Each structure stands twice: as structure tokens, then as C-alpha cells.
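Dear colleague,

Please find below the structure that I am handing over to you.

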Amino acid sequence: MLTHTFRHIPGIGLKSEKRFWEAGLTSWEDFKEPGPIRLTPSKISIIKKHLQESQQHLNNNPLYFYDLLNVNQHWRLFPHFRHTTVFLDIETTGLSECQDQITTIATYDGSEIRYYINGENLESFIEDVDRYDVLVSYNGKTFDIPFLEHSFARKINKAHIDLRYVLRNLGYRGGLKSCEKQLGLDRGNLNGVDGYFAVLLWQEYKSTGDRKALETLLAYNIEDVVNLETLMVHAYNLSLRGTPFTDSLHLPCPPKPTSLPFTADPNVINRIKMKHNMQEHNH
């Protein structure tokens, strides 16, 4: 989709790009003089300059396009840079990056799942994530990335597709779990487990040493990143609607990994729910 995109050029908005496509200018290669659309010499100069720059950055610099595209148009980066994209999600003890801690991190690049645990291997995350050029998250711009940058005391300067903005542009609102349900994704044993419950799972693990609580937390965290790939593909295909590329650039739904490193323990989930309900009742 990237080589069919003109929205990253200053002065080219939704209507102008659509006008280009309708006139037969459906890719960068099609922009030649004399063209089918009357443009001022200065406009032509700007477009040609940016298309030349775009070709130079096409194979190794997603940040160039990331900086020029609106946040709800970052989906256009995905197929071209899919080979260097990682899906990312963190769990924490709370919402404050200054007062709370990261408990676990999960990443998935379409083939390999990695996970990081506070007190075990959390420090390995930064070195591992540096292998990728594009991050995909849900609400990572306002939560995950600031939290990570504060925790590791360094900037994470990468192109970042935040599906919260892409899906909102398509009419899907709410949190990650809500968007999953709206798009037909089922979490099985993890249905009903949310970010707050993830905090309870970590507290249970730290207070009792029950490894099953930690494994359930990791199963939840990993489910997030695996589902992010499916959501990314759904969002990409939905965003193609109304363009000349709806069919030609359509992506197949990715298969889920055949085996996941952890599964949620229903007994742990039920025990924590009962304990939490009792505490709520006593208060």
C-alpha cells in the first residue's frame, strides 16, 4: 500500500489522493508529466521531491513515512515493513509510570513469541526489541511506550502503529478487549480477564509464589500480542475499503501460533475472583 500512498506529501489529503487514484495515478510510478490532473508547477515540484525521497526511504526507513502520515493512517506501513514489525504489550502494577512497575512484557513478530518477567529477564527486552523497526500496539502511544521509556530510562524511537487510532478511524471504540469482541475474536479461558485482573494475578504470584498465577498472567499478556496481529490485519483490510486496492492488496487472516508457551489456569482465575469478591464484600 505504501507505494500507492500520496497522503504523506504535504498538501495531499484524503480528497486529493482519491482524485489522483480516480485519474489513474494509483502508484508513485504513475506520477509523470504531463499528468491527467492540472497542478501548479510548485505543487508538481513538491510532489516529485517527496516521491524521490520516498523511494530512497522505502526499503529501510519506516520512520520517514511514520513522521509524515497522520496517526490513523499508519496502517499503510504494515505490509511493506511486516518483516521487521513486532507486536508489543506490557502488564504493570498500576497506571502510573512513575509509581508503578512493569510486571511482564510480551512480544510477537508473526513467528516468534518472547516474554519478559520482572525480576528475571526484563532487562533483555530493550536489546531484543532493537531488532525491529516497527512496533504495533493498542494504546501504546499513551501507555506502553511512555511506561517503557521511563522504566528503562531511554527513548524508543521507532515507527509505531497504534491500533487504537486506526480502529477508531474505522468506527471501533473502546479498549482492546472490546475491539476484539466487535471483530469476532474469542479469548476462551481468558474471557473476562482484563488489565485490572492482570494486576491481581501478579499480586497473587508475588504473595504466594504460585507459579500458575504467573503463567496465567503470561498467557494473558501473550494472548494480547498474538491477537494484535489479527487485529492489525483486520484493520488494514477494513482501511482498504473504498480504495482501488480493496481486492488486490487484501491480506489473509494470519493463523494463530499452533502452540503457546503458557495456558491460563481456570482454578487460579476462579480462586482470585473469589478472593477479590470477598475483599470487596468485606469493604
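**Charged and aromatic contacts**

Arg211 has a relative accessible area of 38%, so this residue is partly exposed. Please note that the model is a predicted one. Arg211 makes a salt bridge with Glu120, and their closest N and O atoms are 2.9 Å apart. Glu120 belongs to the loop between β3 (113–117) and α4 (124–129), whereas Arg211 belongs to helix α9 (residues 211–240); the pair thus links distant parts of the chain, 91 residues apart. Glu120 is also partly exposed, at 39% relative accessibility.

The structure has 18 salt bridges by the rule applied. One of them joins Arg271 and Glu204, with 3.1 Å between the closest N and O atoms. Because Arg271 lies in helix α10 (residues 266–282) and Glu204 in helix α8 (residues 195–208), this pair ties together parts that are 67 residues apart in sequence. Arg271 is partly exposed at 34% relative accessibility, while Glu204 is buried at 7%.

Phe6 is in the segment before α1 (14–22) and Phe20 is in helix α1, 14 residues apart. Phe6 is buried, with a relative accessible area of 0%, and Phe20 is buried with a value of 0%. Together with Phe31, Phe6 and Phe20 form one aromatic cluster.

Yours sincerely

Conventions: Residues are numbered from 1 along each chain as its sequence is written. This is a predicted model: local features need pLDDT of at least 70, side-chain atom pairs count only at pLDDT 80 or more; totals for chains, interfaces and linings use all residues. Side-chain values use heavy atoms; hydrogens and water are left out. Helices (H or I, at least four residues) and strands (E, at least two) are DSSP runs, numbered from the N terminus. Buried means under 20% relative accessible area, exposed over 50%, partly exposed in between (1.4 Å probe, protein chains only). Rings of Phe, Tyr and Trp (its six-membered ring) pair if their centres lie within 6.5 Å; planes under 30 degrees apart count as stacked, over 60 as edge-to-face and the rest as tilted. A salt bridge is a side-chain nitrogen of Lys or Arg within 4 Å of a carboxyl oxygen of Asp or Glu.
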